[in-house]
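Hi everyone, thanks for making time.

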Amino acid sequence: MDLFIQQILAGLAVGGIYASLALALVMIYQATEHVNFAQGEMAMFSTYIAWSLIQAGFPYWAAFFATLLISFIAGVVIERVIVRPIQGSILSVVVVFIGLLVILHSLAGWIYTYTQKSFPSPMPDMAVMGVNLQELAAIGVTLVVLFLIFAFFRWTPLGLAMRAAAQNPESAVLVGIHVGWMLALGWGLAAAVGAVAGMMVAPKLTLDPSMMGSVLIYAFAGALLGGISSPGGAVIGGFAVGILENLIGTYVPVVGNELKLTVALILIIGVLIVKPSGMFGQTVTVRV
Amino acid sequence: MPARAARPLLIAAGIMIALALPFLVSDYRTFQLTQVILYAIALCGLNLLMGFNGQVSLGHGAFYALGAYTAAILIDSFGFSPYLTVPVAGIVTFVAGYLFGIPALRLHGLYLALATLALALALPQLLRFDAFEPWTGGVQGIFIDKPDVPFGLPLTPDQWLYVYCLAIASVMFWLAANLVKGRIGRALIAIRDNPIASDAMGIDTARYKSLTFGISALYTGIAGALSAVVVNFVAPDSFDLFLSITLLVGVVVGGLASISGAIYGGAFIVYLPNIAEKISDAAPWAIYGLFLIALMFVMPDGVAGLLKRLTRRLRGPAPTPGRPLTALDILKTSPADRGD
């Protein structure tokens, strides 16, 4: 039973990271209907920035918040400079995201080399009553971030304006909302949320340029499982994927670590075939 | 000269140049050109699915791998002739693609992208799986001998394989071009543009969509089978997620819904990494990414789209709106021009 609880907690810790990245994906998707495949590499690069700051002697939390600010600005700049001017089909936007992904990956490898680096956690690596404190910290920070994002969108005028810009851009313009800047802000926020995910996962996975590859796939799966049109659903989907992944890896002996990504994805697709718009997503109805 | 009459001439000239190329360059260059042809076949198949039928696939590397392994296992374990593996690989990948296409009918857009992504991730792991090792060779993969040049032709093995692949590619491109021009092609495009309306018009949407998945997998699988023979080697690591993403990028860069676009896409896949490496040894993929983004800025509808726009400009302005269109005007322009 102890093993079971431990696995659930480990699943929640890693699921929180998937949930953050899934939320970042959904934030951009809702505003522009684009899935940002570079989100994982953006988070990875942010984590390297945090690592540099910590190496330069900054205390952990100062580096943490400085990284959030830098990531936010970088997200806004990427949206304004690279994503905005693209005209063409949704697939050409996907190709631009893939271009961004390989650029960030390659730059990180060039600047910081491909060797793995250890990344500090705000908590010591020890267990209290069978619960790892670092995992607890990851869950805690994730929940705080998710709550802050929720509060921002629910209770602030700027959050309301951003939701309006995403849901109905034409009407939003008519009531005086600058839709273009709202999209850029959405990118900035998504980049900052992704940075949190990167800094939380780095102590566990150790930092290297490929760190976020499988994390992005799990986050994408989580976002779709919960329903890509629902931020809350994406968060729950992210946690669900994390728990599922850990339980499969532990209790299904044939699967082990090698095949668990595959098995998790097949299960998720099974759910999607039964419920094609995700657990909490709205079914899109089309007027003919 | 009217565009319609020029087209067969252009294609004939293209094939002549393609036939002459291997005799003008080194064996290594010929090998690279063969790779371009193979990717072009695969991209042609993927374009039938994505460009003409509007179904996204992030997992066509899996069908490429399936074709390659089918060929390699047939040669290695069952002593097949390399030439006989191509039709068998085609049948195997067609069935696999068709069967995958049936559950995929429930999924659209991003959800389909996730399902195909899972396919691309799963297949290399299955190929590595211990239980299949007697056939797949596990992590090590399978080595195959390069086939001899038949009939005592005065060619090097690389030149022979190039000519062989070029012949197959020509037939497959001809078939694809006819497919999209005909009744089935119109149905595919109608399903892409408006699935509900095409349903209402009596097109069996489900059948055509799964059939397209099968045909698309067949093209990609045949390219894979040929690649196993050309490269003499298959291993799980050659068919990772990156291959699938490369194929998707190739289709978009070449030009969606364009048969000739596959050739530009194939050249892009083979040559751009080399060019990027020459520009910067330290971070070649950063250069690759920059090229990719720049290409999408300059030609969002791919190389084929750019060429189409250029030729239209060269042909002069469309009939002025002041004068009503006559039947002659309509006859003079090709159907593709009238379409958009």
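Predicted model: local features only at pLDDT ≥ 70, side-chain atom pairs only at ≥ 80, totals over all residues.

Okay, the core. The largest nonpolar core has 208 residues.

Skipping its neighbours within four places in sequence, L23(A) is in contact with L146(A), I149(A), V193(A), P231(A), A234(A) and V235(A).

Now, where the chains meet. Chain B puts 30 residues into the contact and chain A puts in 37. On the chain B side, the elements giving two or more residues are helix 5 (109-128), helix 11 (241-254) and helix 13 (284-298). And what classes of residue are on that side of chain B? There are 26 nonpolar ones, plus two polar and two charged.

On to the helix pairs. Back in chain A, helix 1 and helix 9, which is residues 213-226, have axes that come within 8 Å and cross at roughly 65 degrees. That angle is why we call helix 1 of chain A roughly perpendicular to helix 9 of chain A. The crossing of these two chain A helices is right-handed. Among the residues that meet here are Y18(A), L21(A) and L25(A) from helix 1, and Y218(A), F220(A) and G222(A) from helix 9. By class, the contact of helix 1 with helix 9 in chain A has 13 nonpolar residues, one polar and no charged.

The second pair is in chain B: helix 2, residues 27-52, and helix 11, whose axes come within 9 Å and cross at roughly 80 degrees. So helix 2 and helix 11 of chain B are roughly perpendicular too. Helix 2 brings residues including Y39(B), N47(B) and M50(B), while helix 11 brings L247(B), G250(B), V251(B) and G254(B). This contact in chain B divides into seven nonpolar, four polar and no charged residues.

Last stop, G90(B), which sits in helix 4 of chain B, residues 82-104. Is G90(B) buried or exposed? Buried, because 20 other C-beta atoms lie within 10 Å. Leaving out neighbours within four places in sequence, G90(B) is in contact with L218(B), G221(B) and I222(B).

Technical notes
Residues numbered from 1 in each chain as written. Chains lettered and ligands numbered in written order. Core = buried A, V, L, I, M, F, W, Y, C linked by C-beta atoms within 7 Å. Buried ≥ 20, exposed ≤ 12 C-beta atoms within 10 Å, placed from the backbone. Contact = placed C-beta atoms within 7 Å. Helix = DSSP H or I, 4+ residues; strand = E, 2+ residues; numbered from the N terminus. Nonpolar A, V, L, I, M, F, W, Y, C, P; charged D, E, K, R; others polar. Axes fitted to C-alpha atoms, helices over the stretch in contact; angles between N-to-C directions. Parallel < 35°, antiparallel > 145°, perpendicular 65-115°, else oblique. Left-handed = near helix turned anticlockwise from the far one by under 90°.
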